[in-house]
Protein chains: 2
Amino acid sequence: MGKLREDLRQYEGCGLASALEAMGERWSFMILRAAFNGLKHFEEFQSELGIARNILAGRLARLVEHGILERTALDSDRRKIVYALTAKGMDLLPAMVALRQWGDKWCQGASTPVLVDSRDERPIRPVALQSHDGRTLDLAELRWKHAEELLELGRSSENAA
Amino acid sequence: MGKLREDLRQYEGCGLASALEAMGERWSFMILRAAFNGLKHFEEFQSELGIARNILAGRLARLVEHGILERTALDSDRRKIVYALTAKGMDLLPAMVALRQWGDKWCQGASTPVLVDSRDERPIRPVALQSHDGRTLDLAELRWKHAEELLELGRSSENAA
């Protein structure tokens, strides 16, 4: 990807580390996947995932701390707690689906359910990288650029217009 | 996502577990990211990532075992070993980029380099889920469907045609 590179040693920066903490740890991943499948309550997670209560409590607290899940008490019954995906959590969906599609593609496993568009029931596209105008890009077509250079480009094209 | 769900307890099935083993563990992720940035040799990984040799050797072996990296000796110098992404490894790129974009979006961190299309140097699109005809889909627009039902739909539309 050209000469400019990411900082390859950097890991602890809040974004990636917390994404990977959320997705990369087995139980956190399973809780997150269950949340995407509509589970909301402690007891549901516990029985559906078969996870020990103390582990579940710890993982839920961590996901809340990272702003991926939101913990709220139901107005109707203050003892009932709901764990819902925040906008930040919801935004992990493309990464979740990309990982899942990768698993389905590269694995001769049992057939699993397929994600379809509810409008026409046709399977969604494989998640791919696209240019601003929608061309699919592969690794060889990518370059790194400093964010500041992009801002300058933006300014000079505004001046030209 | 409707009544039909994924098997929420399933984890060990080859695809997802190996994707997460590759992406989710800190050093494996860093090695994989470095491979996407063009690193190929043991010594390069070692010096660029600042990773202990025994850990690096173990992680590389695991990635090779999972078919994500391929280990080959250079024809010119059989002692020179190259670790290159396989097609399977290369296919992790959308998931890697989706995670990175998520980190950049939800984090007020230092500005990091941006991925651009080499053709016009404009930033790539955010990774998103799309219908077969390219509409962007959110969680509420997704359903699960059994793979067998899709095959049947395919057959009946062929019959109708």
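What percentage of the 161 residues of chain A count as buried? Keep that in mind while you load the view. This is a predicted model.

**Stop 1**

Select chain A and hide chain B. Of its 161 residues, 27% count as buried. Switch to cartoon view. Chain A has 7 helices and 6 strands. Trace the chain from the N terminus: the elements run α-α-α-α-β-β-α-α-β-β-β-β-α. Next, consider the contacts within chain A with a separation of 6 or more. Of these, 44% join residues 24 or more positions apart.

**Stop 2: colour by confidence**

Stay on chain A and colour by pLDDT. The average is 83, and 80% of the residues score at least 70. Now select residues 14-24 of chain A. This is helix α1, where confidence in the chain is lowest, at a mean of 65. Then jump to residues 129-130 of chain A. Strand β4 sits here and has the highest confidence in the chain, at 96. For the model as a whole, ipTM is 0.82 and pTM is 0.83.

**Stop 3: bring back chain B**

Show both chains. How is chain B laid on chain A? A turn of 180° with a shift of 0.0 Å along the axis does it, and the RMSD is 0.0 Å. That is the relation of a two-fold axis.

**Stop 4: the interface**

Select the residues where the chains touch. On chain B, 76 residues are in contact with 76 residues of chain A. Highlight residues 93-105 of chain B. This is helix α6, which gives the most to the side of chain B that touches chain A: 11 residues. Colour that side of chain B by residue class. You will find 40 nonpolar, 16 polar and 20 charged residues.

Now compare the two sides. The copies meet through the same surface, because 100% of the interface residues of chain B are also interface residues in chain A.

**Stop 5: strands across the chains**

Select residues 142-145 of chain A and residues 114-117 of chain B. These are strand β6 of chain A and strand β3 of chain B. In which sense do they pair? The pairing is antiparallel, over 4 bridges. Zoom in on Lys145(A). Its bridge partner in β3(B) is Val114(B).

How values were computed. Residues are numbered from 1 along each chain as its sequence is written. Chains are lettered from A and ligands numbered from 1 in the order in which they are written. This is a predicted model: local features need pLDDT of at least 70, side-chain atom pairs count only at pLDDT 80 or more; totals for chains, interfaces and linings use all residues. Two residues are in contact if their C-beta atoms, placed from the backbone, lie within 7 Å. Helices (H or I, at least four residues) and strands (E, at least two) are DSSP runs, numbered from the N terminus. Ala, Val, Leu, Ile, Met, Phe, Trp, Tyr, Cys and Pro count as nonpolar, Asp, Glu, Lys and Arg as charged, and the others, Gly among them, as polar. Two strands pair if DSSP finds at least two bridges between them. A residue is buried if 20 or more other C-beta atoms lie within 10 Å of its own, exposed if 12 or fewer, and partly exposed in between; C-beta atoms are placed from the backbone. Copies are superposed by least squares on the C-alpha atoms of residues with pLDDT of at least 70 in both. pLDDT is the predictor's confidence in each residue, from 0 to 100.
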